[in-house]
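Subject: Structure for you to look at

Hello,

Here is the structure I promised to pass on. Please open it first and keep it beside you while you read the notes below.

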Amino acid sequence: MPNFIMSYLGSTVTPGEAGNQFWALVYVLIIFAGVSLAVVAMNWFERKALAHFQIRLGPMRVGPHGLLQPIADALKLMLKEDIIPAEADQFVFWVAPLIGLLAAFTVYIVIPFGPSQAVSDMNIGVLFMLGVLSLGVLGIVVAGWASNSHYPLMGALRSSAQMVSYEVAMGLAVVSAVLMTSMRTGTGTLSMIGIVESQQQQGVWFIFKFFPLGFVAFVCFVIAMIAETNRAPFDMAEAESELTAGYHTEYSGLRWSLFMLAEYAAMIAVSSIAVTLWLGGWLRPFPNLLHAPAWDFIFSLFPSLTFGALAAVAVVGAMRMPAHSYFQVQRIGLAVFAALLGLIALFLLVIAIAGRSSDATVAARLCEGIDCVYWFVLKVSLFMYLFIWCRATWPRYRFDQLMRVGWKVLLPITLVVLILTAIVGVIVS
Amino acid sequence: MAEDVKAPAPPPPEGEKKMVAEARPAAAAKVAARAKDEVPVPVPWTSPLVEKYRNQYGSGLEALIYLGQNYFIVDRSLIPDILRLLRDEEQFDYCVDITAVHYPKRERQFDVLWNLYSYARNQRVRVKTQIADGDSIPSSVSIWPTANWLEREVYDMFGIRFDGHPDLKRILLPDGWKGHPLRKDYGILQQDKEWVQINLGIESGQ
Amino acid sequence: MNPGLHQALIAVDTTSIGPGMAPVATPFFFYLLSGLAIAGGFLVSTRRNPVHCALALIVTLIAVANLYLMLYAPFVAAVQIMVYAGGIMVLFLFVIMLVSIERASRDRRFNRFWPVGLATACGLMALFVSAFVKGRALFPDRMIAIPEGSNTQQVASMLYGEAGRMGQYTFAFEIASLLLLVAILGAVIMTKKKI
Amino acid sequence: MSAAAKDDTKENANDISGHAPHAIASPLHLQTPEKPYLDSNELIINMGPQHPATHGVLRVILRLDGEKVLGTECVIGYLHRGVEKIAENRTYAMFNPYVDRMDYVAAVSNGLGYCEAVEKLLNVEAPPRADYIRVILTELNRMASHQLWLGTHALDIGAMTPLFYTFRDREEILKIFEKYCGARLTTHAFRIGGCLYETYAGFEKDVQNFLTFVAPKIDEYEELLTTNRIWLERTKNVGVISGEDCVALGVTGPVLRASGVKWDLRKAQPYAAYSKFDFEIPTGENGDTYDRYLVRMEEMRQSLRIIEQAVNSIPEGPIMAKVPKVIKPPVGEIYHSIEAPKGELGYFIVSDGSTQPYRVRVRPPSFVNLQALDRMVRGLLVADVIAVIGTIDIVLGEVDR
């Protein structure tokens, strides 16, 4: 068995491809835990960022700067009474959040955090992602119906129409990116890892390929992905000022939190698709221009530097705490948090140095993996910020306007971009 | 204050400035009135408008001014005609308010009031009529759509029925409520305990 | 079920994966998915509540999609999920939600033609069984070979053809797309009073 | 409708009486005007009284075809406190604080209307300095009311952020109120005959500071919304009502002005010290939600102008007229109305010569304006109902009294 574990460390393919079920399982667990943690962190980050957009502080009481707020929220939601309306369809009501959650988490099987850092590399990875993401709407639709109440029903209707419509534009935008993979090699690929590798081979992120074609497709995809995840300004399905809470009006407690979990997991998932297709996935900036070992080493320092900077921010925060005794505990808490971040930074630094300076397989591989994951996560977090930014800035679209944007604006644009991409591709090659 | 100008004032051509100018002497007149420290009383209102209607309807109509505010006291039978004429011919196109006052000791217990305004003349007038308890009165919804809710409120609060109202039902109080609270015989602490017990499940009725 | 099929499945897996860990659980998943698909189908035809039927149908569709995956036809599997489970079933649900469920569930479940339906089902069953029994000769155990190139490319070349050569099904494919276009136009004309 | 509204601008304001009578039956009992091509069931949906966007406890019953509104019926009265009945059992001075609780976001306006009405009945006039203080505070309160409206209206349409910006700036107004009279929301700032409190030291400076503080903030709100594509799409041609319909339905205030009728009681029948100040009445053209938004934004700026003039020219002198300790107006009745932030706020007071009013009738602008909701939302979508409820700017405390 140890041999079995070690054998993968030298492998350059994903555990799914290698048929390595142990590592596949490990990856699944890591991803499950990681995504859950990311959702929790996102929860905190969204509340803080949104608050600062809106000249307020956001959570400040539970833990220093509200750092423990998500935990408190999670506890509260778990302990809350779980209400199932008397007239609801009990079984469907029970199963609906699970459908959404399963769909959102299944997507992560094919998301490549690195050249071999994925559960599996399917040769239809993109299609798989789109397909499974489209299952998420089933959870929403069924939840709205099972609640046996008007607002959730209307939310479900809106959401089903919306998500089916935007899938079309989304799919076309994706196809234009997939088309770009076939440019130099002649054979395109739908594999997520293949797409990133293709960008590496062609030496350009697809967002900049055939400028502005790639960029337009990317923008269309981003709009469609915001709509697909039911986020502002396309949050028709929940639209709290119109439908109280849309499809999850009747949900409470743990079940409601499952919906939230699914929503945020789906957000991260679609952002991952965007990053993979257009922003070079796990690739660090300029991998072709700056590819000397020295550059490798410098870029390897980024993860530890990031954590170091976060630790520094936390230290400054701890020092700036008011002198009042009430803040003493918070100050200590923040200092501990800073220390934790600092330790992580130190660990990453050690690994980076060890990985780049020695030939030790484990350290080198770990270092490489951390680099890939770091860049990937960084790009995805920018998208997360974009989601919050949009939410803070824009009013909500009306339903018919939303459909108009989907069918009359995005669909033609993506079609034209697709055709132009094909024509330009043929001309160039 | 601008109502002090004896009606019908010519419609002010463009300007608020002129109105302002008119308002000042009126205020001065009021100050003079106060200086004499006499209790103001309603005085007859004379104007071409009043003359016209008096010729038409005779004794069913009384026109008075109190504190610079014009009002008609009109016989109940003339109400729909007068209101319609006021809107169609005299440009009182804005029905500000419809309300009622209860005088339990009178034979005809209720004053019903229409408070009208003319954008063109910048002038207000009140039309008042007296009806007995249980009497109904023609609805003016067909004259001013805004009368809809206002009449419903009068019905709700006083129990005065408006004939021809499209949907006369209670507006502020719940549908099954008993009593009309703005009548003088309805005590301030009084409420429909039965309704509260049945619909809110509060045993004490409070 | 059939020892030959077991052999076939295991053989396929080991050959395709090459030096790795033999996926011992494959027959288990095969039976599991088949069972799910059959159970889903059974529920579709027996449940009174149309939404439950739709959910059962989704289970069937997903189980079948996974069977495709096991047969190394991932493209078909993905399309199955995306088009059927993700698209068509959502529209199904969309329609069902607008139907009065109370009335629908009060209706008789089977109309008076049910013996005809049953007979048809039995006939189909017999056809399948005979094809399976006789097919042992036609499809030898190890005929499921992994074709060259990826599944997506194979589907594409069947539909659109290789360079310079029309594909096997190009004509049929285009006809089907025309049919769909006509259907869309018909739907638009039916719902719009004036265009 | 917009063509009619254009006709109704100030030149033709005299012609608005020629409209056809509009009978409004209960919309829920009306026949659908056109039968849909494919048979579909109508959906009756209850919006409120507990709904995040009905601004309190308004309940709107919507009759929908899909998401299209076929008719609405407002059910109000959840906040009914019988203010008019209370008035009959309190003395004139005792009733004064109650009026603050009607339109609680514009309490100062309510108080001003009531005090002036009783003053008219008593035939006294507030001294000039009191009038100036009244104007300053009332206009500040108009700002506060419009800011609150803007924030909640934007929130209804889905823009969360302006809410916090407007609340931040409204806070400055409330601070001035607090310093002036000790209360922030229900101020009870005025008394019959004038003002009870002299301005505190530094009042003028505070107000001037506020003026310089808030002027760029209004630009900031506009920056977020006025040219925002989504905002335009959500508000343009939504909830259109013509000037004619406004007049027929008795709608007043910014809603009326946005439909092109240039009418503001501060100009038409000036009260307090308004005749001394120079300001514009903003009007719209289309009578849609966007125009109402623009009109209110401009009104905020005009309020600033009025406040600036008032602060700079505030006269010295007494702040209270000679009013008897026990207020006993002579027998008679009076109607007095002011331009509250939401429209014409009128008080009709009947005195029987005793210390308590015989009858006080409040003519609430929100109540009457709300009646136009049905006219404005027919044929629109559910999301528009929310936008239109927000744009009418109702306060349920005033609707239900």
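**Helix packing in chain A**

Helix α5 (residues 90-106) and helix α6 (residues 125-146), both of chain A, have axes that come within 8 Å and cross at roughly 165 degrees. Helices here are DSSP runs of H or I with at least four residues, strands are DSSP runs of E with at least two, and both are numbered from the N terminus. Axes are lines fitted to C-alpha atoms, for helices over the stretch in contact, and angles run from 0 to 180 degrees between N-to-C directions.

The model is predicted: local features need pLDDT of at least 70 and side-chain atom pairs count only at pLDDT 80 or more, while totals for chains, interfaces and linings use all residues. Residues are numbered from 1 along each chain as its sequence is written, and chains are lettered from A and ligands numbered from 1 in the order in which they are written.

How are α5(A) and α6(A) oriented to each other? They are roughly antiparallel, a word used for angles over 145 degrees, with under 35 counting as roughly parallel, 65 to 115 as roughly perpendicular and the rest as oblique. The crossing of α5(A) past α6(A) is left-handed, meaning that the near helix is turned anticlockwise from the far one by less than a right angle (clockwise would be right-handed). On the α5(A) side, the residues in the contact include Val92(A), Phe93(A), Ala96(A) and Ile99(A); on the α6(A) side, they include Val132(A), Leu133(A), Leu135(A) and Gly136(A). Two residues are in contact if their C-beta atoms, placed from the backbone, lie within 7 Å. By type, the residues of this contact are 15 nonpolar, 4 polar and no charged. Nonpolar covers Ala, Val, Leu, Ile, Met, Phe, Trp, Tyr, Cys and Pro; charged covers Asp, Glu, Lys and Arg; the others, Gly among them, are polar.

α5(A) also packs on helix α11 (residues 253-278) of chain A, at an angle of about 25 degrees and with the axes 8 Å apart. That angle makes α5(A) roughly parallel to α11(A). This crossing, too, is left-handed. Pro97(A), Gly100(A), Leu101(A), Ala104(A) and Phe105(A) of α5(A) meet a set of α11(A) residues that includes Arg255(A), Leu258(A) and Phe259(A). The contact of α5(A) with α11(A) has 11 nonpolar residues, 1 polar and 1 charged.

**Where chain A touches chain D**

This contact takes 21 residues from chain A and 27 residues from chain D. Three helices of chain A, α10 (240-243), α14 (361-393) and α15 (399-428), each supply at least two residues of the side that touches chain D. That side of chain A divides into 9 nonpolar, 6 polar and 6 charged residues.

**Chains B and D**

Chain B has 5 helices and 8 strands, running α-β-α-β-β-α-β-β-β-β-α-β-α from the N terminus. Of its 206 residues, 38% count as buried. Buried means that 20 or more other C-beta atoms lie within 10 Å of the residue's own, exposed means 12 or fewer, and partly exposed is in between; the C-beta atoms are placed from the backbone. Among the contacts in chain B with a separation of 6 or more, 49% are between residues 24 or more positions apart.

Chain D has 16 helices and 8 strands. Buried residues make up 59% of its 401 residues. Among the contacts in chain D with a separation of 6 or more, residues 24 or more positions apart account for 72%. Its domain assignment, which is automatic or from a database, gives domain 1 (3-75) and domain 2 (83-400).

**Some single residues**

Most residues other than glycine have a negative phi. Asn148(A) has a positive phi, near 55 degrees, and lies in the loop between α6 and α7 (150-185) of chain A. Is Asn148(A) buried, exposed or partly exposed? Asn148(A) is partly exposed, with 17 other C-beta atoms within 10 Å.

Asp393(D) has a positive phi of about 60 degrees. Asp393(D) sits in the loop between α15 (382-392) and α16 (396-400) of chain D, and counts as buried with 28 C-beta neighbours inside 10 Å.

Pro254(D) is in helix α10 (residues 254-258) of chain D and is buried, with 31 other C-beta atoms within 10 Å. Leaving aside neighbours within four places in sequence, Pro254(D) is in contact with Arg292(D), Val295(D), Arg296(D) and Glu299(D).

Regards
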